[in-house]
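Open the model in your viewer and keep the selection panel at hand. This tour goes stop by stop: what to select, then what is there.

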Amino acid sequence: MPSWGRADLHTHTNASDGWPTPLELVDHAARRSRLDVIAVTDHDTIEGALRAAEHAARRSRLQVIVGEEVSSRDGHIVGLFLERAVKPGLSAAATVHAIHEQGGIAVAAHPFWRTQRQRRTTPVHGVGWLAAELGFDAIEVENATPGFYVFNQLARRLNMGLGAAETGGSDAHIVDAVGRAFTEFPGKTPAALRRAIEMGETRAGRRRYRAVGLVRYAAWGLNHQRYVVAV
Ligand SMILES: [Zn+2]
Ligand SMILES: [Zn+2]
């Protein structure tokens, strides 16, 4: 029986709206966390993930999965193990299909994150109950964004009935958040993680923030009002 590894399957860089560069993200995760694997999942691009993977391959034992958080018309969907970017704006069903078509893994990210709709055009962030209807390989049941406790509870409850693999990802936009939610799996490599997702053997968990991390997250949020949650 292999020992268990730990992955953070949801992180952002400055290739989208995160603060760290891909290199800073990798260096921080390699030096300051217990993570074996991270997935870099910027909004609607894989450029940061490709740079992070290249950097990690040269310089660290940490392994990087190329991913993308795709803005589907119905909410955010994380694709893992991607070779090409998936275009935003498709339906959730078409997005899951596009991820599978290139051999990727489709994860329903924070499925129950709904921001208050001030305007009719305000985006809905999670795919909601579509998480149960479409062919997702995994449900993100731990997301470390401050204030997401209830959303995580709802996702766990949904997945109790569904029995998909569970994942945890920090949704880090600042380095303090990296590893605050994580996915444990038998083995240490991206290939082992992929197998664990396919077999439904993953375990999602989380660690508390240091106070300074919460303060930095608040500072990041002030610059990204559209992502701030009203709970
Ligand atoms: Zn999201
Ligand atoms: Zn995200």
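Select R6 and F182. The charged end of R6 sits over the ring of F182, 3.7 Å from the ring centre. Now select R194 and F81. Here too a charged end lies over a ring: that of R194 is 5.1 Å from the centre of the F81 ring. Bear in mind throughout that this is a predicted model.

**The zinc ion (ligand 2)**

Next, show the zinc ion (ligand 2). Which protein atoms are its donors? They are NE2 of H10, NE2 of H12, an OE atom of E69 and an OD atom of D171, lying 2.1 Å from the ion. Along the chain, these donors follow the spacing H-x1-H-x56-E-x101-D.

Look at the angles. The 4 donor atoms around the zinc ion (ligand 2) subtend 83 to 174°, so the arrangement is irregular. A tetrahedral site would need all angles between 85 and 135 degrees.

H12 is in the loop between β1 (4-11) and α1 (22-32), while E69 is in strand β3 (residues 63-72). The pair is 57 residues apart and links distant parts of the chain. Both H12 and E69 are buried.

Stay at this site and pick H10. H10 is found in strand β1. Is H10 buried or exposed? Its relative accessible area is 0%, so H10 is buried. Leaving out residues up to four places away in sequence, H10 touches A39, T41, E69, V78, A109, H110, E140, N143, G169, S170, D171 and A172. Two of the zinc donors, E69 and D171, are included in that list.

**The zinc ion (ligand 1)**

Move to the zinc ion (ligand 1). What coordinates this ion? The donors are E69 (OE), H76 (ND1) and H110 (NE2), at 2.0 to 2.2 Å. In sequence they are spaced E-x6-H-x33-H.

Keep E69 selected and show both ions. E69 bridges the zinc ion (ligand 1) and the zinc ion (ligand 2), and the two ions lie 3.6 Å apart. E69 lies in strand β3 and H110 in the loop between β5 and α4, so the pair ties together parts that are 41 residues apart in sequence. E69 counts as buried because its relative accessible area is 0%. H110, at 2% relative accessibility, counts as buried as well.

**The nonpolar core**

Hide the ions and turn to the core. The largest nonpolar core has 42 residues. Which of them touch the most other members? Select I38, V40, V64, I77, V127, F136 and I139. Helix α3 (residues 92-101) gives the most to this core, with 4 residues. In soluble globular proteins, nonpolar side chains tend to be buried together.

Centre on I77. Residues up to four places away in sequence aside, I77 touches E68, E69, V70, S72, A92, T95, V96, I99, V107, V127 and F136. V127 and F136 are among the core members with the most contacts to other members. The bridging residue E69 is also in contact with I77.

**The aromatic pairs**

Colour the aromatic rings. How many aromatic pairs are there? The count comes to 4. Start with F112 and W129, an edge-to-face pair with 5.1 Å centre to centre and 65° between the planes. F112 and W129 are both in the loop between β5 (105-108) and α4 (130-133), 17 residues apart. F112 counts as buried because its relative accessibility is 10%. W129 is exposed, with a relative accessible area of 57%.

Go on to F148 and F151. Their ring centres are 5.1 Å apart and their planes are at 85°, so this pair is edge-to-face. Both F148 and F151 are buried.

**Last stop**

Finish at V150, which lies in helix α5 (residues 149-162). V150 is partly exposed, with a relative accessible area of 47%. Draw a distance from V150 to W113. Their C-alpha atoms are separated by 9.0 Å, and the two residues are 37 residues apart along the chain.

How values were computed: Residues are numbered from 1 along each chain as its sequence is written. Chains are lettered from A and ligands numbered from 1 in the order in which they are written. This is a predicted model: local features need pLDDT of at least 70, side-chain atom pairs count only at pLDDT 80 or more; totals for chains, interfaces and linings use all residues. Side-chain values use heavy atoms; hydrogens and water are left out. A nonpolar core is a set of buried Ala, Val, Leu, Ile, Met, Phe, Trp, Tyr and Cys residues joined through side-chain atoms within 4.5 Å. Buried means under 20% relative accessible area, exposed over 50%, partly exposed in between (1.4 Å probe, protein chains only). Helices (H or I, at least four residues) and strands (E, at least two) are DSSP runs, numbered from the N terminus. Contact means heavy atoms within 4.5 Å. Donors are N, O and S atoms within 2.8 Å of the metal (3.2 Å for Na, K and Ca); water is not among the atoms, so sites may look incomplete. Four donors count as tetrahedral if all angles lie between 85 and 135 degrees; four count as square planar and six as octahedral if opposite donors are over 155 degrees apart and all others between 65 and 115; anything else is irregular. Rings of Phe, Tyr and Trp (its six-membered ring) pair if their centres lie within 6.5 Å; planes under 30 degrees apart count as stacked, over 60 as edge-to-face and the rest as tilted. A charge sits over a ring if NZ of Lys or CZ of Arg is within 6 Å of the ring centre and within 35 degrees of the ring normal.
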